[in-house]
Amino acid sequence: MKTLKPTHKLIKAYYNALSDSCAFSALLKHCANQFKLKFLPKYPNNHEAKNPVNGVFLNNFKLSHGIWETQRNNFNTSTQNNILFQTPQHLVLWQNGKEIFNENIEASPEQLINGLNLFFEYHHPTFEQWQQASLVFKEQVKEHGNVLLLIIKNNLETNQDFIKAFDSFTRNLNISVNRIIEMLIQHILMERIFRNIFNPHFLTTNRIATDIERLIATLNFNRYEFLEKLEPFYLAIEAVATACHEFTQKNDFLNTVYEDLFQSNQIVDTPQSVVNFMVKSVEDILQKEFQTSLAQKNVKILDPFVGTGHFIVRIMHEMSPKQLQYQYLHHLHCNEMMLIPYYIAILNIEHTYYERMGQYKPFENISLVDAFESLEEPSSTPICVTIGKPPYKQCHDTKKHTLIEQWITKTYAKDSKAANKTALFEPYVKAIRWASNHSEGIVAFITNNVFLDSISLDGMRQHLAQDFSNIYILNLGGNVRTNSKISGVIHNVLGIQVGLSINILIKKKDIESGIFYAKLNDEWRKEIKYRYLDEKQSISKIDWQCIKPEQKNIWLTEGLHPEFDTFIPLGTKKTKNAKTAVTGVIFKTYSRGIATCRDALVYNFNQKSLISNIQAAIGTYNEQVLQWKMTKASLSDYFILSDLTKIRWSESLKANLKRGRMAIFEIKKVRQSLYRPFTKVHLFFDRVFNERVYVFPSIFPISDTETENNVICCTNHSQSPFVVQITNHIPDVAVGGRNGQCFPFYTYKEDGSHRTENITDWALKHYRTHYQDNNISKWDIFYYIYGLLHHRHYNEKYALNLKRELSRIPLAPNFWGFSKGGEQLANLHLNYDQQAEYPLNIKVNPNIPFNLRVKNIKFIRGEIIYNDSITISGIPAETFEYRLGKRSALAWVIDQYSVKTDKYSGLIKNPNRLNDERYIIRLIGQIVTVSLKTVEIVKGLPEIISIPQQSPQSPN
C-alpha cells in the first residue's frame with residue numbers, strides 16, 4: 001500500500017491503543033478508501049454466523065471483497081474467499097480456503113502492512129472475470145439496446161401483428177409509448193438473468209412478463225441469434241451470482257448491474273433505518289389512534305411507488321405467519337412503473353413470503369402501472385395505509401397526469417398566493433395529493449422537504465392542515481443548496497442533494513388535530529441520522545414542536561419577520577394581470593428572465609459561433625418538423641432525433657414540432673443578454689428555441705429599447721441568498737444564479753412602440769404623499785428601490801423573507817439618501833465594463849510564452865491564475881464584500897470567463913475576443929473597481945435603525 005508506512009498516524013494510533021478495535025477500524029476504513037471499497041462495520045453475515053461480523057468490504061457492485069473479524073471460531077474458513085482475523089497480537093489471513101498469512105504484529109508495523117496489502121489487493125477470480133466482462137460488454141449492451149430500438153421502430157411501421165399487439169399492450173397498461181419501448185428493450189436484455197439466477201419459472205408465473213413475451217414473439221427478429229454476442233457477459237454475471245450465497249447479495253448485485261448497464265438511477269433504495277422507522281411509526285399510530293394494526297383485516301396497505309419492495313417486505317415482518325397469509329393475498333398492494341424494479345420487487349416480496357411461510361406463492365397484488373394513473377375506487381376496508389417513497393424529481397419523459405393535475409389546480413394552486421406554481425406539480429406533491437383522497441387512515445411518505453417553507457407551496461400546506469387530523473414532519477435535512485456547510489451527498493439519508501423529510505399524515509374523525517415538527521441537525525452525516533432513527537424507532541419517542549400555521553399558511557416561522565408583510569410589494573400576480581389601473585404595488589408588471597433549456601446552443605460569447613450553431617440546429621429541427629408532418633407518428637422521444645450533439649429537445653420544442661411550427665433565423669433575433677452577474681453574451685432571442693420568453697418581448701422588444709430601459713432583477717429562491725442586479729439587456733432566468741423576477745421601468749408593444757412607464761401612478765402618489773415631496777419622480781423611486789435592496793441591514797434582517805417571496809419595500813426615513821445612492825449603484829453596474837481598471841499586480845512567467853487567452857481561470861490562495869503565463873495578485877480584501885448570492889462579483893466573472901464545453905452537445909463557449917485580447921484581464925480589474933465602489937456606496941447609504949410596520953394601502 002503506497003501511502004501506508006510504519007510512520008503513518010493511523011498505524012501509530014493503532015499501536016498506541018492495541019486493545020481498542022476502533023483504532024484498527026479507522027485504519028481499515030482508510031485502506032478501503034484507497035482501494036475504492038465501501039467499509040461497513042458490524043455487518044450481518046447470516047450465511048456464516050448468527051452474530052454480525054466486525055466489518056465487511058464491498059466493491060462498486062456491492063459484492064463482498066472480504067471480511068474482518070476478531071472471533072475466528074465463528075467461521076468455516078474453507079468457504080470464505082478473503083477473511084482477515086485480527087487480534088492485538090496477531091493478523092491471520094485466509095483466502096480461497098487456505099491460510100496464507102499468520103504473523104505476530106504486536107511490535108511489527110511492517111508485518112501489519114504486509115498483511116493488509118495481501119487482504120486489500122486480493123482479487124476474487126470470479127469477480128475479476130465479471131469486472132473485465134462488464135467493461136468489455138457494457139458498450140455492446142448499449143449497442144444492442146440501440147439496435148433493438150431501431151428494430152422496434154421498424155416493426156411499429158411495417159409489422160401489423162406487432163402494431164396490433166403493441167397497441168393492445170400499451171392500452172392495457174396505460175403507460176407512455178416511451179416506457180413500453182424501454183420495457184421491451186430492458187426485458188429482452190435482462191430476462192435471462194432473472195430466469196437463470198432467481199427463478200427459472202419467472203416468465204410463466206408473472207403476468208406482465210408473460211404478456212411481454214407474447215408481444216416480443218410478434219417481433220420480426222431472431223432473439224437468440226441477436227443475443228449470442230452477449231453470451232460471455234451473461235456467463236460472467238451468472239458465475240458471480242453463484243458466488244453470492246445470500247439472496248440479498250444477489251439482489252444487490254442485480255440492482256447495480258441494472259444501473260451500470262443502463263446508466264439508470266431509477267433504483268434509489270430507501271435505507272433500512274428509514275424504512276424501519278416509518279413502518280414502526282405507522283404501526284404505533286394504528287394501535288394508538290385506530291385500535292388496530294398492520295396485520296389486521298380492516299387495514300389495507302398500499303405502496304404506490306414500490307421500487308424494489310423494501311417497505312412491503314418490512315411490513316410483512318410485522319405479521320405472524322397466519323396473519324401474513326391473509327394480508328398477502330388480500331390487503332398488501334403495490335404499484336411500480338419501471339419494469340426492472342417491478343421484477344425485482346416481485347422477487348423480494350415472494351422470497352420474503354417463502355422465508356416466512358416455508359412455501360412459494362406468487363404475489364399477485366402488484367401492478368406495473370403509473371400510480372397517478374391508477375385511480376382506485378374507495379376501498380371496502382375502513383382504514384388505508386399508504387406508505388413509501390414517491391419520486392423526488394421529474395423523470396426525463398414524465399407524462400402529464402391530467403386528473404391529478406386538475407385536483408392540484410382546484411386545491412393547492414387555487415389557494416396559493418405564489419406567482420410561480422410550477423413546484424406544485426412535482427411528483428412528490430402529486431403523490432401527497434393523490435393519497436389525500438382516502439377517507440380514513442395514514443399516509444407515510446419520505447419526500448422532498450421544500451413544501452415545508454416554500455412560498456409556492458403555501459396552498460399545499462393550507463390543504464394538508466385541512467385534509468388531515470394530525471401531521472408529523474421529521475425534517476431530515478441534507479439539502480446542499482441551502483446549507484453552505486454541507487456538500488456532496490454524505491449528509492443526505494438517500495444520498496441525493498435535495499432536502500428530505502419523513503411525513504406521517506393521519507386522517508381520522510374525532511381526534512385532536514395538530515401539526516408536529518422536529519428537525520435533525522443538518523450537519524449530521526447520514527450514518528448519524530440512521531443511528532438516530534434506529535434509537536428512536538418511532539415517532540412516539542420524538543420530542544415534537546407544535547406548529548401553529550399563520551395566516552399566510554407559514555409553518556416554519558423562525559427567522560421570519562412579520563412586519564415584512566406590511567411593506568409595499570414590488571408586484572403581485574393579481575395586479576400584474578389587471579386590465580385597469582392598479583393600487584398597492586410599485587410595478588404593474590414583472591417577468592422571469594429567459595428560460596432556454598438549451599443554454600449551450602442559444603448563448604455564446606462569439607456572435608459568429610452563435611449564428612453557426614443556431615443555423616445548424618434550425619436545419620435539424622425543421623427537418624424533424626417535415627418528417628413529423630409526413631409520418632404523423634404519435635409523439636414519442638423514440639420517434640424523433642435523439643442525438644444531443646445536434647438538438648436538445650424540451651417540452652416547448654416538442655410542442656412546436658407537434659404543431660408543425662418551423663423555426664426561422666433572423667439576424668435581428670441575435671441580441672445582447674446578461675447571462676450571469678457582469679457577464680454579457682449574445683443570445684438568440686426566439687420563441688421556438690427559447691423554452692419560455694415570458695413577457696420580455698414587451699420589455700426589450702428591439703435592440704433600440706436597450707438604450708433607454710432598465711430592469712431590476714431579484715432572485716427569489718429558497719436555495720440562494722438574495723441577489724439584486726440592474727441591467728439594460730435581456731436577462732437569463734437565472735441571472736443571479738437562481739430563478740427570480742425582473743422589474744422593468746418601461747414596457748412596450750412588441751414592435752417597440754407605445755412605451756409605457758411600469759411604475760404605477762399609485763406608487764408615485766404614495767411616495768409623494770408619504771414624504772411630502774412632489775419633486776419625487778418615478779425614476780427617483782426606481783433608484784430608491786435599487787439602493788434600498790442593497791442595504792445590508794435590510795438584506796441581513798429579512799434574508800429568510802426574501803428567500804420566501806418577492807421583495808417588499810419599506811418607506812425608509814431618508815428617501816433621497818437611498819435614491820441618490822441607488823442611482824450611483826445603477827450607473828456603476830450598468831456601465832461596469834466602462835470603469836477604470838484597478839491597478840492589480842500582473843505577474844508574467846518568463847519561462848512560458850506570453851499569452852492573453854484563457855482556458856480555465858482559477859482563484860487560488862488570494863491570486864487569480866489567469867493562464868499558464870499570467871498570475872494576478874494584489875486584490876483588496878474589500879473586493880469580496882460585494883456579493884451576489886453565494887459568490888462575490890469577482891468570483892462570478894472568474895467562473896463565467898473560462899472556456900466551457902457542453903457535455904451533451906459538445907458546443908464550446910469561448911470568452912476570448914480575437915479583436916480585443918485584453919478584454920478579460922481588463923474586465924477583472926474593472927470588476928475589482930466596481931466591487932470596491934459598490935461597497936463604498938452601500939456603506940454610505942442611510943442607516944436604518946428600525947423599520948416600522950407600514951400599510952401599503954392607497955393614500956387618501
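Contact, as the word is used here, means heavy atoms within 4.5 Å. By that criterion, and not counting residues up to four places away in sequence, Lys855 touches Ser898 and Val899. This is a predicted model, in which local features need pLDDT of at least 70 and side-chain atom pairs count only at pLDDT 80 or more, while totals for chains, interfaces and linings use all residues. Residues are numbered from 1 along each chain as its sequence is written, and side-chain values use heavy atoms, with hydrogens and water left out. Helices (H or I, at least four residues) and strands (E, at least two) are DSSP runs, numbered from the N terminus.

**Helix packing**

- Helix H5 (residues 160-173) and helix H6 (residues 177-198) have axes that come within 10 Å and cross at roughly 115°, where axes are lines fitted to C-alpha atoms, for helices over the stretch in contact, and angles run from 0 to 180 degrees between N-to-C directions.
- H5 and H6 are therefore roughly perpendicular to each other, a class that spans 65 to 115 degrees, whereas angles under 35 count as roughly parallel, over 145 as roughly antiparallel and the rest as oblique.
- On the H5 side the contact is made by Phe162, Phe166, Phe169, Thr170 and Leu173, and on the H6 side by Val177, Ile180, Ile181 and Leu184.
- The residues of this contact between H5 and H6 divide into eight nonpolar, one polar and no charged, with Ala, Val, Leu, Ile, Met, Phe, Trp, Tyr, Cys and Pro counted as nonpolar, Asp, Glu, Lys and Arg as charged, and the others, Gly among them, as polar.

**The nine-stranded sheet**

- Nine strands form an open sheet of mixed pairing in the order S9-S8-S7-S10-S11-S13-S12-S14-S15, and two strands pair if DSSP finds at least two bridges between them.
- Strand S9 (366-368) and strand S15 (545-547) stand at the edges with a single partner strand each, so one side of each is left without a neighbour in the sheet.
- On average, and with direction ignored, neighbouring strands of this sheet are turned by 20° against each other.
- Strand S11 (residues 441-448) and strand S13 (residues 500-507) run antiparallel and are joined by eight bridges, and Leu500 in S13 is the bridge partner of Asn448.
- Helix H14 (residues 321-330) packs on the sheet, where it touches strand S7 (299-303) and strand S8 (332-336), and its direction makes about 45° with that of S8.

- S17 and strand S19 (residues 679-684) run antiparallel and are joined by two bridges, with Tyr603 standing opposite Leu683 in S19.

**Individual loop residues**

- Phe678 lies in the loop between strand S18 (670-676) and S19, has a phi near 60°, a positive value in a residue other than glycine, and is buried at a relative accessible area of 0%.
- Buried means under 20% relative accessible area, exposed over 50% and partly exposed in between, for a 1.4 Å probe and protein chains only.
- Gln772, in the loop between helix H24 (761-771) and helix H25 (778-788), has a positive phi of about 50° although it is not a glycine, and counts as exposed at 67% relative accessibility.
- Lys855 is found in the loop between strand S27 (841-844) and strand S28 (858-860) and is exposed, with a relative accessible area of 68%.
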